[in-house]
Amino acid sequence: QVQLVESGGGLVQAGGSLRLSCAASRNILSIYAMGWYRQAPGKQREWVAIITVGDSTNYADSVKGRFTISRGNAKNTVVLQMNSLKPEDTAIYYCYADLLEISGPRSEYWGQGTLVTVSE
């Protein structure tokens, strides 16, 4: 079973920066896409950013120009650099992956979530 492990959440003041990382476990044959979603208190989960095969990236309008998604230095990792953070960015951030295991079908996976809190 593939696992996605996130790190890097925390508390930051408005205007500050945080860097989230997500690492997928071993036994992966191909990764078609990795990205981030977030869920604020009392709201539905929303898509934030994604990086696909060929390193094509896309962002939600609400974070465009402030967040950058990229592949990490380690294999099967993705990083979300968040700059100019706003209080409305406060949410639990979930890593997402669309991938093919060595011994299984192509499937979607989610991390356990990491809390980002942006204070006024």
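How many disulfides does the count come to, if a disulfide is taken as a pair of cysteine sulfur atoms within 2.5 Å? The count comes to one disulfide, and before I describe it, a word on the model. It is a predicted model, in which local features need pLDDT of at least 70 and side-chain atom pairs count only at pLDDT 80 or more, whereas totals for chains, interfaces and linings use all residues. Residues are numbered from 1 along each chain as its sequence is written, and side-chain values use heavy atoms, with hydrogens and water left out.

The disulfide joins Cys22 to Cys95, with an S to S distance of 2.0 Å. Cys22 lies in strand β3 and Cys95 in strand β9, so the pair ties together parts that are 73 residues apart in sequence; strands here are DSSP runs of E, at least two residues, numbered from the N terminus. The torsion about the S-S bond of Cys22 and Cys95 is about -85 degrees, so the disulfide is left-handed. Both Cys22 and Cys95 are buried, meaning under 20% relative accessible area with a 1.4 Å probe and protein chains only.

Leaving aside residues up to four places away in sequence, Leu80 touches, among others, Trp36, Val48, Phe67 and Tyr93, where contact means heavy atoms within 4.5 Å.

Terms used:
Disulfide = S-S within 2.5 Å. Helix = DSSP H or I, 4+ residues; strand = E, 2+ residues; numbered from the N terminus. Buried < 20%, exposed > 50% of the residue type's maximum accessible area, 1.4 Å probe, protein only.
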